[in-house]
Structures are given as structure tokens and as C-alpha cells.
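Here is a short briefing on one protein chain. Look at the sequence and the structure first, then read the points below.

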Amino acid sequence: MSNGYDDTHVSPRTLAGATILQIVPALREEPVARTAVNVAHALLQSGARALIAAEDGALVGELKAFGGEWIPLVNATVNPFKLRGSARILEQLIATERIDIVHAQSVGGAWSANMAAAQIAVWLVTTLPDVPAVSGLGAYWSGALARGDRVITPSNFAAAPIMARYDLPRERLTVIPRSIDTAAFDPAAVPPGRVEALRKAWQVPHDARIVLVPGRVAPWNGQLALPDIARALVDGGVRGFVFVLAGEHRSYRKYARFVTKAAQEQGVGSLIRLTGHCRDLPGALAAADTVLVPATEPPVLGRVVAQAQAMGRPVVTSDIGILPEHVVTPPEMPEDVRTGWLAKPGDTMEFAHALSLALALDDTAYRAMVARARQFAEYMFSPTSVAAATRAVYTSLLARDL
């Protein structure tokens, strides 16, 4: 347990009867706050008391409706005076509410929680951001996130620089990916009419297979490689496919024009569609046969790869950043549980080969991969799974109390 004086409070050995305080910047509808609310709900179902300290937001009402408790707390700051004030609030809260675990999910919250834990005994859990700062002033402040009794990271990619900089032992880390809305991203939730409407809007022939390339058309997303990939597929005898670039393409108009021009020069202009911003991503994924994510730089979240698999779609993606952790591929896993393929960023021949394998799947193999992809997404990324994994971290700490 974090250093500090002891009191007469004896923590429970299980979640039943425990009091857990999560700290997030604000209870607005955003991934960190949404996850905290989901975890609070799971805690209450386990017999625990669930508090969230944060600035106000639209999720406060939802939290209170199912029995969670909101504590107003300024923590989305690195102002030392405000953080000391928040630390005093936390210290008093820990004592008066008999809090067993504090889970800080912001830099400011981690600093305040560390200061409070230095004065009063409490278990401290922290969650790393998707892209932690590892140099400069940001790294100094981010150091508080490495000092939890347990540290949750959304990926090994996010954890690696923190482990190296702060000599953080592996056994203190738990990888829990960001959740996605597996209810919205569910093949059963998308009626056929939505799919047909999209295919018609995209002007895709009825018998053509769609390779969906979701995301803004921008240099870091790698769409400039698509004409070469399409050319390689055609030269390899692959027919009956269309690349649909479902993403905003006005911010980087020159880049989008380069993509279009390259497609025309390669003689594959008819195989590439730039459709603009997609308002219905679940529908677009449902319309796809395969999803291609050819990023050339590590994305911050990489959620679309998880969302595609939740929709039961095989994925071909770049072996970069967090993306390899969001798809099941050999050699890390056996071939018979594969849900997609990885390729070197910018390597058009590797991407073409992977896509040719995806497009060559017969009906039986394709249906099997569809089922595996959905099962994997539910297991790894559903709100229920993420909440259960977080709850397990708390349970492991309470089990260490004597």
C-alpha cells in the first residue's frame, strides 16, 4: 500500500463492502469518463461502493441514476496550487469515506492522489494515456502515472516508453484496451437496408466486393499506397473488388488529388472511390467484405480495427503502433484463430498479398473468420469485458491486504 500513516480502517478482502474512488478529468461523454461510469456500474453489481471524482458533465446524471456517487474535483490541470488543493480534498475524502482504492486516470489526478497517499494509507491505481509524454515538461508531470501500486495501460505500445523511462516493473502493469460500443458495432444491429443504401450511394456494383478504407484521407493514414496495391492485385489476377475510402477528404485536398491521380495513372481509377465523411461507420463496416487500415504513423487509438472486428470483418492493417495488438495473427496466435493480417507500413506488395489472401477466402473460411473476429472483439473490447478486467485489478489489490 502507498506510504502513509495507518489508521484503524481494515480494508475488505473482496470488492463486497469495498469503496473505490475513480478520478477522471470530467464526466463528459468521452472514452475515459464512459469507461469510468461502466466500471462504477460493475462495482456496484459486485457489492462495492463506487465514487467518481471529476468536474461536471453529462454523465453525472447517469452515474447517480444507478447508485454511483459524484465528487466534484478539479484535476485536469498541472497547476501545483490547484493540485495541492485537490490533494487535501482527496486526503479528507479517503479518511471520511473509508476509501480502499483510488484509481487516477489523469495526470493531475495522479499527482493529487500521490500527495494524498503519502499522508494516508490507500491503494493507488493509475491508468496511462494512449500516448504518454516521455520527454520535456510533459514527461515530468506524467511520471505520477507510473507510481501506482498497479498501473493499467491501454496497450503494450503505450507502456513501453513509460517502463523504460521510469524503470517500471512488468508485474505492476496490466493491459486493458479501450472499450468500443460493441452494441452499436454489431452485425445484428445493422439492417440490410442501411447496407444497400450505402452501396448505392457509393455506386458500387452489386457483385463487387468492398475493401473499406475508413478514416480521414490524410498522409499519415497511408491511402496514397492504394493505387499501387490495387494495381498489384489486378496484376495478380484478383478481380471484382472496389476500394471505398470512407473518410473526410477536404482537409488535405492536395493529398486526396494525389491519390486520385495515382489511381488514374495506374489504370485503376474505377476501383477507388472517395466517398467523403462517413456518418454511419457501423453501416459502412457492415457493407464491407474486408477492412484495410494502411496507416504509416501510429494512430492514437486505432479503434477502427477493433470496431471492424466487432462487425465481423477481417482486417488488413499496418504493423505499427497499437494496431498489431488489436488483431489476432500468427506467430503470436495459431493460424486457426486468425482475424486478420499485418503488413509493413507503406509496403504495397505485403498489403496486396494480405488482401489477396483475404479476398480468396471461400464462404466457409470467411464465415469462420467473421465469427472469430466478432468473438475476439467482444472478449477484448466490449464495455463489459473492460469493466471486468478493471474490477479484477482492484480485487487483486484488496486480496493483498492483511
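**Overall build**

With 402 residues, a compact globule would have a radius of gyration near 21 Å, and the protein chain agrees with this at 24 Å. That radius is taken over C-alpha atoms, and the globule rule is 2.2 Å times the number of residues to the power 0.38. This is a predicted model: local features need pLDDT of at least 70, side-chain atom pairs count only at pLDDT 80 or more, and totals for chains, interfaces and linings use all residues. Residues are numbered from 1 along each chain as its sequence is written, and side-chain values use heavy atoms, with hydrogens and water left out.

**The chain as a whole**

- The C-alpha trace of the protein chain spans about 75 × 40 × 40 Å along its principal axes.
- The protein chain has 14 helices and 13 strands. Both are DSSP runs numbered from the N terminus: helices are H or I with at least four residues, strands are E with at least two.
- Of the 402 residues in the protein chain, 53% are buried. Buried means under 20% relative accessible area, exposed means over 50%, and partly exposed lies in between (1.4 Å probe, protein chains only).

**A charged patch**

- R250, R253, K254 and R257 form a patch of positive charge on the surface.
- Patch residues have over 30% relative accessible area and no salt bridge; like charges are joined within 9 Å, and nonpolar side chains (Val, Leu, Ile, Met, Phe, Trp, Tyr) within 5 Å. A salt bridge is a side-chain nitrogen of Lys or Arg within 4 Å of a carboxyl oxygen of Asp or Glu.
- R253 sits in helix α9, residues 253-265. R253 counts as exposed because its relative accessible area is 51%.

**Backbone details in loops**

- P330 and P331 are joined by a cis peptide bond, with omega about 5 degrees. P331 is in the loop between β12 (315-318) and β13 (340-343).
- R98 is not a glycine, yet has a positive phi of about 55 degrees. R98 lies in the loop between α3 (80-96) and β4 (101-104). R98 is partly exposed, at 44% relative accessible area.
- Q203 is not a glycine either, and has a positive phi of about 60 degrees. The loop between α7 (192-202) and β8 (209-214) holds Q203. Q203 is exposed, at 63% relative accessibility.

**A buried helix residue**

- A116 belongs to helix α4, residues 107-117. A116 is buried, because its relative accessibility is 1%.
- A116 and I94 are 22 residues apart along the chain, and their C-alpha atoms are separated by 8.4 Å.

Definitions and conventions
Areas by Shrake-Rupley, 256 points an atom, 1.4 Å probe, with all protein chains shown as cover. Lys, Arg positive; Asp, Glu negative; His and termini not counted. Charge placed at Lys NZ, Arg CZ, Asp CG, Glu CD.
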